[in-house]
Amino acid sequence: MRSLTKDKQQFLRFLVAGLANTAVHIVVFSLLVRFLPIALSNVLAFLAANIFSFFVASYFVFKVRTHSLRQYAHFLFVSSIGAAISYGIGTLCDHLEITSIAAPLLTAAIVAPVSYLLQRWVFWRKCPPTP
């Protein structure tokens with residue numbers, strides 16, 4: 001059984017990776033939006049950040065060295081679940097006329113642990129971590 005300390009360290013690495021992924025998304029979006037429409041720039045930036053996130057999560061967070069296209073497809077699906085939850089929270093905040101800052105705060109509080117558990121499943125379901 002894994003120690004709680006290892007799980008906390010892994011979750012902390014997950015949060016650091018999330019910050020790096022967000023930075024990649026913002027940088028790519030900022031470069032693309034000069035030449036492309038906003039929606040297309042945002043989608044391409046999301047995909048670039050998602051590919052970056054896949055490798056950072058596997059090497060840095062979950063310490064998995066094997067990769068496949070199928071594994072990335074699962075990772076992209078899991079990321080899409082997070083995006084859908086985020087959209088739902090934003091829609092709920094709009095509907096309830098809650099202050100706008102609530103949406104990213106609720107998203108961070110809900111999506112981060114959900115994404116962590118789902119990504120852990122993606123990387124460890126066939127390759128459990130080495131002790």
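**View 1. Asp7 is partly exposed, with a relative accessible area of 22%.** Burial classes follow relative accessible area, computed with a 1.4 Å probe on protein chains only: buried is under 20%, exposed is over 50%, and partly exposed lies in between. The model is predicted, so local features require pLDDT of at least 70 and side-chain atom pairs pLDDT 80 or more, whereas totals for chains, interfaces and linings use all residues. Residues are numbered from 1 along each chain as its sequence is written, and side-chain values use heavy atoms, with hydrogens and water left out. Asp7 forms a salt bridge with Arg120, and their closest N and O atoms are 3.7 Å apart. The term denotes a side-chain nitrogen of Lys or Arg within 4 Å of a carboxyl oxygen of Asp or Glu. This pair joins distant parts of the chain, as Asp7 belongs to helix H1 and Arg120 to helix H4, 113 residues apart. Arg120 also counts as partly exposed, at 22% relative accessibility. The structure holds one salt bridge. Side chains of opposite charge can pair when their charged atoms come close.

**View 2. Helices H1 and H4 pack at an angle of about 105°, with their axes 11 Å apart.** Axes are lines fitted to C-alpha atoms, for helices over the stretch in contact, and angles run from 0 to 180 degrees between N-to-C directions. H1 is therefore roughly perpendicular to H4, a class that spans 65 to 115 degrees, while angles under 35 count as roughly parallel, over 145 as roughly antiparallel and the rest as oblique. On the H1 side, Asp7, Gln10, Phe11, Phe14 and Leu15 meet residues of H4 that include Ala112, Pro113, Tyr116, Gln119 and Trp124. Contact means heavy atoms within 4.5 Å. Gln119, in helix H4, counts as buried at 7% relative accessibility. Beyond residues up to four places away in sequence, Gln119 touches Phe14, Ala57, Phe62, Phe75 and Val78.

**View 3. Phe62, Phe75 and Phe123 touch the most other members of the largest nonpolar core, which has 15 residues.** A nonpolar core is a set of buried Ala, Val, Leu, Ile, Met, Phe, Trp, Tyr and Cys residues joined through side-chain atoms within 4.5 Å. H1, helix H2 (38-61), helix H3 (69-96) and helix H4 (102-124) each give two or more residues to this core. Leaving aside neighbours within four places in sequence, Phe62 is in contact with Gln10, Ala57, Tyr116, Gln119, Arg120, Phe123 and Trp124. In soluble globular proteins, nonpolar side chains tend to be buried together.

**View 4. Phe54, Phe55, Tyr59, Tyr72 and Phe75 form one aromatic cluster.** Rings of Phe, Tyr and Trp (its six-membered ring) pair if their centres lie within 6.5 Å; planes under 30 degrees apart count as stacked, over 60 as edge-to-face and the rest as tilted. By this rule the count comes to nine aromatic pairs. In one of them, the ring centres of Phe54 and Phe75 are 5.4 Å apart with planes at 70°, so the pair is edge-to-face. Phe54 in helix H2 and Phe75 in helix H3 are 21 residues apart, and their pairing links distant parts of the chain. Both Phe54 and Phe75 are buried. The buried residues of H2 also include Ser41, Ala45, Asn50 and Val61, and the cover over the buried residues of H2 includes H1, H3 and H4.

**View 5. Lys63 and Glu97 are shown in their loops, Lys63 between H2 and H3 and Glu97 between H3 and H4.** Lys63 follows H2 and has a positive phi, near 55°. Its relative accessible area of 46% makes Lys63 partly exposed. Glu97 has a positive phi of about 55° although it is not a glycine, and Glu97 is exposed, with a relative accessible area of 73%. Most residues other than glycine have a negative phi, and most peptide bonds are trans.

**View 6. The protein chain follows the pattern α-α-α-α along its sequence.** Buried residues make up 27% of the 131 residues.

Notes. Helix = DSSP H or I, 4+ residues; strand = E, 2+ residues; numbered from the N terminus.
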